[in-house]
Amino acid sequence: MILTVLEFPDERLQQKSVPVTKFDATLGKLLDDMAETMYSKNGIGLAAAQVGKFIRALVIDLGPAENQEAKLWEIINPKFTKTEGKTVFEEGCLSVPGYTEEVSRKAKVTVEYQDRHGKQHTLEADGLLAVALQHETDHLDGVLFIDRLSPLKRRMARKKLIKAVTL
Ligand code: Y12
Ligand code: CO
């Protein structure tokens, strides 16, 4: 089932998500629906908060991005245990349609997470996967990529986006 994606300036996108404690069929169905929603919109990442479910779960598949391996990552309760370096990437977001901007992030990350069955994993990532993990985990803390811009760029982005929705 394709879910409705919340869009800026919806205030629910600022809500902090709670850890997942129940690894049941309801969680599995939500993850399936999130992946279907992401693919239907040619996205490469989606957090549960973007579909109005405020639990710490996200999906990523870089396949639609150029030269990237198609693999569906289902990441529950992510925790960064190590980060290093800096990278700048032009980001977009299904919740901020029609706007992209360069964002500075950590270049390499190690993340501990659980899968849909509650099994614990450790993932070391760099490149686009590292950027996607940080972008999506930000959603779980109520942070959008435009919140990571300089105050001036952020003000300009908010103005442009609010103008677009009021036209
Ligand atoms: C690197 C950067 C950002 C992410 C987070 C996941 N982002 C997306 O899945 C973006 C999807 C997307 C973006 C689009 O472009 C704009 O909105 C400007 C788009 O095109 C239109 O809406 C016209 C379609 C999908 C992970 C890694
Ligand atoms: Co996003």
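How do the residues of the lining of the second largest pocket divide into nonpolar, polar and charged?

Mentor: Keep in mind that this is a predicted model. Your pocket comes first. The lining of the second largest pocket divides into 7 nonpolar, 2 polar and 5 charged residues. That lining is made of 14 residues. Nearest the centre of the second largest pocket lie Asp24, Thr26, Leu27, Leu30 and Ile55. The volume of this pocket is about 230 Å³.

Now turn to the largest pocket. It holds about 350 Å³ of space. Its lining has 18 residues. Ile44, Glu91, Gly92, Cys93 and His135 are the closest to its centre. Two elements, strand 4 and helix 2, each give two or more residues to this lining. Helix 2 provides the largest share, 5 residues. By type, the lining of the largest pocket has 8 nonpolar, 6 polar and 4 charged residues.

Ligand 1 sits in the largest pocket. Around ligand 1 there are 19 residues. Those that come nearest are Gly43, Ile44, Gly92, Gly98 and Glu136. The shell around ligand 1 splits into 9 nonpolar, 7 polar and 3 charged residues. Strand 4, residues 87-91, supplies at least two residues of that shell. So does helix 2, residues 127-140. Helix 2 gives the most to the shell, with 5 residues.

Look at the backbone contacts one by one. Ile44 has a backbone N or O atom 2.8 Å from an oxygen atom of ligand 1. For Gly45, a backbone N or O atom lies 3.5 Å from an oxygen atom of the ligand. At Gly92, a polar backbone atom is 3.0 Å from a nitrogen atom of ligand 1. On its own, ligand 1 has 620 Å² of accessible area, and the protein covers 73% of it.

Two backbone details are left. Asn42 lies in the loop between helix 1 and strand 1, which spans 45-47. Phi of Asn42 is near 55°, a positive value in a residue other than glycine. The other detail is at Pro9, in the segment before helix 1, which spans 25-40. The peptide bond from Phe8 to Pro9 is cis, with omega near 10°. Both kinds of feature deserve a second glance, because most residues other than glycine have a negative phi, and most peptide bonds are trans.

To go back to your question: the lining of the second largest pocket includes 5 charged residues.

Terms used: Residues are numbered from 1 along each chain as its sequence is written. Chains are lettered from A and ligands numbered from 1 in the order in which they are written. This is a predicted model: local features need pLDDT of at least 70, side-chain atom pairs count only at pLDDT 80 or more; totals for chains, interfaces and linings use all residues. Side-chain values use heavy atoms; hydrogens and water are left out. A residue is near a molecule or strand if one of its heavy atoms lies within 4 Å of it. A polar contact is a pair of N or O atoms within 3.5 Å; within protein, one must be able to donate a hydrogen and the other to accept it, and residues adjacent in sequence count only if both atoms are side-chain atoms. Accessible areas come from the Shrake-Rupley method with a 1.4 Å probe; for residues, only the protein chains shown count as cover. On a 1 Å grid over the protein atoms alone, a cavity is a set of points where a 1.4 Å probe fits but cannot get out, and a pocket is an open set with protein on both sides within 12 Å along at least five of seven lines; lining residues have an atom within 4 Å of a point. A molecule sits in a cavity or pocket if more than half of its atoms lie within 2 Å of its grid points. Helices (H or I, at least four residues) and strands (E, at least two) are DSSP runs, numbered from the N terminus. Ala, Val, Leu, Ile, Met, Phe, Trp, Tyr, Cys and Pro count as nonpolar, Asp, Glu, Lys and Arg as charged, and the others, Gly among them, as polar. Grid points are joined across faces, edges and corners, and a volume is the space filled by probe spheres set on the points.
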